[in-house]
Amino acid sequence: MRILVFGDSIAAGAFDTESNGWVSLLAMYQYQRILDSKWTEGDSVVNVSVSGDTTADLLQRIDSDLASRKWQEESFAAILAIGTNDAAKVSGNNQVVFEEFTRNVVSLVSTLQEKSSRVIMLGLPPVYEKLSSPWCFDTTADWQNAELTRYDAELKRIAAEEGVLFVPLQDILDRYSGQHLPEGLHPNAEGHRLIFERVKGVLEKAGIL
Amino acid sequence: MHILVFGDSITQGFYDKEKGGWVNRLFIDVSASLESYNDFLGVFNLGIDSETTAGLLARIENEIIARQSDEMVIIIDIGGNDTFKFKEKGENAVPFETFRQNYSKLITIAQKYGRVFCLGFKDFNPEQAKNLSWYKDYDFTDNDHAGYDREIERLAREHGVIHIGMTGLFEGDFAQYSHDGDHPTAAGHELIYQRVKSVLKQENII
């Protein structure tokens with residue numbers, strides 16, 4: 001089954017200088033399966049992620065991105081990997097306020113449920129606050145774990161309510177030492193590999209891989 | 001700066017199991033040279049497998065707008081699937097004249113938003129491809145690959161954009177560079193990337 005990933009810079013693989021992120025690792029894993037099985041197993045992974053996107057940005061483009069990538073009548077799984085930029089604080093306020101975030105996520109899930117055969121939602125990874133609050137590359141942006149935890153809990157709640165598979169990521173990266181988050185926000189190659197392994201496990205269990 | 005790459009399955013990365021394709025190789029290379037956020041180059045892989053110029057024409061403008069930045073480079077890497085000739089119909093998936101018009105429109109649209117580069121076709125080996133089950137509907141006896149490819153070069157010249165030719169890149173060594181006569185191996189993707197990279201460097205893009 002084809003897999004489409006809708007996300008932000010983390011899903012886009014920004015700052016992973018080895019593999020270009022967990023989605024690329026998933027695509028390469030699928031290429032390996034395709035070649036090993038002589039084209040009888042595995043399918044493509046398409047990354048439709050945009051750096052800087054919030055749920056509001058994704059809502060604007062999701063219909064058009066989906067329309068171009070709906071292969072005839074083939075079924076596909078959609079992975080939603082967004083929310084980190086919503087939780088960011090700019091001038092003291094969340095970039096997308098909590099209530100709007102909730103509405104946007106519900107709407108995104110509803111769109112994906114209508115168009116795809118399976119929807120998977122990724123939770124939000126933690127940040128390394130020493131470099132993310134404020135962010136070392138842009139001090140007007142501020143990511144804090146307390147906010148990310150709050151938005152992540154909402155994603156989990158909506159996933160349960162909508163019957164969508166949820167992949168938790170809060171526990172997967174080290175938020176205290178920065179070993180997976182060299183600039184505070186984006187996982188490095190090791191962090192992306194951990195995310196890939198977890199996502200792959202969930203997709204295998206769900207019969208999507 | 002954003003670099004948007006529009007194309008088909010080869011653009012998408014099929015089947016580079018080592019680094020995910022030539023576009024991913026560009027992304028990794030650019031990321032590796034990052035020193036600060038201000039130098040950030042966003043690379044967007046907008047390849048869709050099986051895509052033709054007709055499919056791309058329907059989506060290109062929306063997708064550029066959704067990924068717009070102050071400085072944009074748009075790489076068009078499409079057309080190979082247009083050339084495939086269906087046995088049953090006896091005509092190309094996208095007839096030559098329609099292909100020509102579509103491709104010309106793609107360049108015109110892309111030029112509104114940034115600098116445009118057109119990639120020529122990667123070497124194709126019909127002898128290898130014709131034995132594979134998913135190519136069974138195509139007739140390779142009178143392949144139009146070269147004619148379509150020449151038209152891309154001509155259109156690039158006509159519109160004043162840069163053409164990156166790929167002919168002869170695999171030097172006939174399909175066993176090393178292609179899995180199925182069409183889709184490159186990891187080594188094939190690396191060759192494509194190195195050729196693209198040299199042009200982007202020459203043009204001070206990267």
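A: **A look at the cavities**

There are three cavities of 30 Å³ or more in this structure. On a 1 Å grid over the protein atoms alone, a cavity is a set of points where a 1.4 Å probe fits but cannot get out, and lining residues have an atom within 4 Å of a point. It's a predicted model, where local features need pLDDT of at least 70 and side-chain atom pairs 80 or more, while totals for chains, interfaces and linings use all residues. Residues are numbered from 1 along each chain as written, chains are lettered from A and ligands numbered from 1 in written order, and side-chain values use heavy atoms, without hydrogens or water.

The largest cavity holds about 340 Å³ of space, a volume being the space filled by probe spheres set on the points, which are joined across faces, edges and corners. Its lining has 26 residues, and N20(A), S24(A), N47(A), N24(B) and N45(B) sit nearest the centre. Two or more lining residues come from each of α2 (21-36) and β2 (45-47) in chain A, and α2 (22-32) and β2 (42-47) in chain B; helices (H or I, at least four residues) and strands (E, at least two) are DSSP runs, numbered from the N terminus. β2(B) gives the largest share, six residues. By class, this lining is 14 nonpolar, eleven polar and one charged.

Next comes the second largest cavity, with about 180 Å³ of space. Of its 18 lining residues, D8(B), I10(B), G80(B), N81(B) and D182(B) are closest to the centre. Here α1 (9-12) and α4 (80-83) of chain B are the elements giving two or more residues.

Technical notes:
1 Å grid on protein atoms, 1.4 Å probe; cavity = no way out; pocket = protein on both sides within 12 Å on 5 of 7 lines; lining within 4 Å. Nonpolar A, V, L, I, M, F, W, Y, C, P; charged D, E, K, R; others polar.
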